Amino acid sequence: SFAPVPATPNPSRCVVSIRLCGTPPSPPSPRVVQEAVPPLGEPSTLSPEAAALAATSAPSAVPSSTAAGPPFALPAGARIIEESNNEVWQDEMLEYAGLLDDPRTPDSLRGYLCSFRSPSGTGCHAFVDDGTPLSRFGGARKLSDDQRLSLVLDLLTAVNHLHCRGSAHLDLGADVFLVRSSADGGTSAVLLGLGAAVRLQAAPGRSAFQMSTAVAYHAPETFVGALLETNLRALMLMDAWSVGVLLSMIIGGKKVSPFTATPKWSKGEFAPEAAVSRAIKEALADFSPWLQALDAESGGFLFRHGWLVKVLLGLLSLSPKARLTVHAAWRLARDAVDAASNEQNALLLNRKISQARSARAAVADTGGAALNSAEFARFRKLSAPRKNQEPFRSLEAIVNIVQRGGARVVIEQRPWKGVRNYGEVIGFRNRADGDRWDVFVPGASGELPIGEPLQLKGILGVLLVKGGNHKLAVELVPPHSPVSRKYIDTDVRRFISVYKREHPGTSSARIRYLELNDGDAELEFGVDTVGTS
């Protein structure tokens with residue numbers, strides 16, 4: 001469970017502290033997963049409103065209620081997540097709205113029904129009762145290769161999608177990963193809730209949180225102290241470890257983490273962290289016997305799909321710097337699909353992957369093709385009416401999103417003489433001013449079209465403005481690529497000059513342009529590695 005620890009707010013930097021052990025800060029654990037019982041909603045079949053909500057991703061399909069009780073009767077067994085922090089609850093509603101609005105959001109992240117307050121006033125989110133937690137799933141060892149591959153792809157796709165949206169989950173475990181079976185014998189997965197995604201956003205009073213999942217799912221670097229300072233990249237690598245643990249459970253048909261262990265006092269172990277750390281070192285000291293045992297438990301499934309060995313070895317790397325990212329693991333899975341000789345498996349995996357193909361991969365595959373009419377109409381709808389309902393992102397998070405090509409921008413009219421190609425990122429807001437993140441496109445050969453959603457390719461730099469209202473210098477995909485480095489530099493200098501002119505009270509000391517190198521621009525922000533304090 002995640003409990004906030006007061007800290008100095010810093011809206012432009014996503015550096016958080018993780019409380020791993022000791023007495024939880026007040027208030028106590030705010031998140032509880034339970035099944036819905038009266039008076040939250042009388043057990044019933046899914047109402048027409050709820051059925052329509054579950055089947056659509058239209059912007060209007062995000063019902064909420066500030067009164068006690070849900071806005072409609074919840075289905076029997078609906079799962080409820082409680083959130084005692086009102087600001088976090090409200091921001092989580094924005095996050096769920098953003099997921100429903102994003103056409104790339106996979107089915108595994110679409111279990112959300114609605115938000116409401118309980119009779120006691122506690123904020124709640126409701127989800128369909130759509131599956132059995134992996135920790136209680138009894139048929140894992142009887143699954144066919146296709147069924148296991150489906151779960152593997154669903155897990156990678158869901159977490160990759162969250163990461164491409166600049167969110168780390170940090171609560172991945174067997175209780176939030178649900179397995180569902182279809183009438184035709186297929187299997188799929190549902191990821192319940194957002195984990196720590198919203199609590200990791202830089203906001204007043206939200207700079208620290210307490211990890212809630214069982215220690216056996218935690219990355220080994222979290223065992224080095226009671227309090228860690230870390231950044232978004234490091235948090236995503238912690239997620240990568242947890243994904244590796246869940247993958248090993250899916251492959252081997254397990255209900256618990258393979259690193260579950262009980263402290264042995266005879267060895268000086270007085271906390272679960274020490275026991276799990278020993279279990280990890282014993283298991284991974286020599287990967288070969290561990291992989292052979294896992295393959296035997298899977299009935300040969302692991303070695304029949306050799307790319308999974310590479311994925312496991314990468315995700316379960318003890319060193320965070322050497323660890324495979326979830327995005328890289330997802331790409332390995334996609335490449336394996338492209339090379340698959342079994343046509344049936346290839347079709348299955350392609351269907352799973354296509355649900356959440358990242359924007360960068362999609363652009364690479366299509367050559368930056370223009371949006372079709374349906375997509376264009378959808379983004380037209382998103383371009384204005386729902387700005388105040390879009391989720392917030394820190395500077396580090398928005399850089400991560402843009403660098404992955406995971407968003408689009410829309411160019412708008414700006415009455416600043418001398419400035420052209422100025423706009424905003426669709427779908428994500430800056431907490432400093434409450435509006436969408438501002439961007440400008442230096443180096444373009446001419447005026448870009450106004451009001452059309454344009455695909456991002458990457459980020460060139462950030463104009464850092466004291467107070468947090470930073471501006472992103474971005475690059476678009478062809479045919480809107482920058483002409484040359486000289487054009488980029490000229491436009492950046494011009495923009496800075498005009499910005500100073502339009503903001504007379506802004507001194508040169510209050511703004512600074514940070515040019516970002518190619519590759520993982522997110523490394524430029526926060527702390528590069530996990531440290532203790």
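These exercises, each with a worked solution, cover cavities, salt bridges and aromatic rings in one structure.

The model is predicted, so local features need pLDDT of at least 70 and side-chain atom pairs count only at pLDDT 80 or more, while totals for chains, interfaces and linings use all residues. Residues are numbered from 1 along each chain as its sequence is written, and side-chain values use heavy atoms, with hydrogens and water left out.

**Exercise 1. Cavities**

State how many cavities of 30 Å³ or more there are, and describe the lining of the largest cavity.

Solution. 

Step 1. A cavity is defined on a 1 Å grid over the protein atoms alone, as a set of points where a 1.4 Å probe fits but cannot get out. Grid points are joined across faces, edges and corners, and a volume is the space filled by probe spheres set on the points. The count of cavities of 30 Å³ or more is seven.

Step 2. The largest cavity has a volume of about 90 Å³.

Step 3. Lining residues have an atom within 4 Å of a point. For the largest cavity they are Gly418, Val419, Arg420, Asn421, Phe440, Val441, Pro442, Asp491, Arg494 and Phe495.

Step 4. Five of these lining residues are nonpolar, two polar and three charged. Here Ala, Val, Leu, Ile, Met, Phe, Trp, Tyr, Cys and Pro count as nonpolar, Asp, Glu, Lys and Arg as charged, and the others, Gly among them, as polar.

Step 5. Helix α14 (residues 485-502) gives the largest share of this lining, three residues. Helices (H or I, at least four residues) and strands (E, at least two) are DSSP runs, numbered from the N terminus.

**Exercise 2. Salt bridges**

Solution. 

Step 1. A salt bridge is a side-chain nitrogen of Lys or Arg within 4 Å of a carboxyl oxygen of Asp or Glu. The structure holds 20 of them.

Step 2. Aspartate 491 and arginine 420 form a salt bridge through their side chains, at 3.7 Å from N to O.

Step 3. For accessibility, buried means under 20% relative accessible area, exposed over 50%, and partly exposed in between (1.4 Å probe, protein chains only). Aspartate 491 has 10% and is therefore buried, whereas arginine 420, at 29%, counts as partly exposed.

Step 4. Lysine 471 and aspartate 438 meet in a salt bridge of 2.7 Å, N to O. Lysine 471 lies in strand β16 (residues 471-476) and aspartate 438 in strand β14 (residues 436-440), so the pair ties together parts 33 residues apart in sequence. Lysine 471 is buried at 3%, and aspartate 438 is buried at 7%.

Step 5. Glutamate 95 and arginine 165 meet at 3.6 Å, N to O. Glutamate 95 is in helix α2 (residues 86-101) and arginine 165 in the loop between α3 (145-164) and β8 (177-181), 70 residues apart. Glutamate 95 is buried at 3%, as is arginine 165 at 4%. Salt bridges link both into a network with Asp102, Arg104 and Arg393.

**Exercise 3. Aromatic rings**

Classify the ring pair of phenylalanine 259 and tryptophan 290, and name the residues of the ring cluster that includes Trp416.

Solution. 

Step 1. Rings of Phe, Tyr and Trp (its six-membered ring) pair if their centres lie within 6.5 Å; planes under 30 degrees apart count as stacked, over 60 as edge-to-face and the rest as tilted. The whole structure has 12 aromatic pairs.

Step 2. The centres of phenylalanine 259 and tryptophan 290 are 6.2 Å apart and the planes stand at 10°, so this pair is stacked. Phenylalanine 259 is in the loop between α4 (232-252) and α5 (272-284), and tryptophan 290 is in helix α6 (residues 287-297). Phenylalanine 259 is buried at 0%, and tryptophan 290 is buried at 14%.

Step 3. Ring pairs link Trp416, Tyr422, Phe440, Phe495 and Tyr499 into a cluster.

Notes: 1 Å grid on protein atoms, 1.4 Å probe; cavity = no way out; pocket = protein on both sides within 12 Å on 5 of 7 lines; lining within 4 Å.
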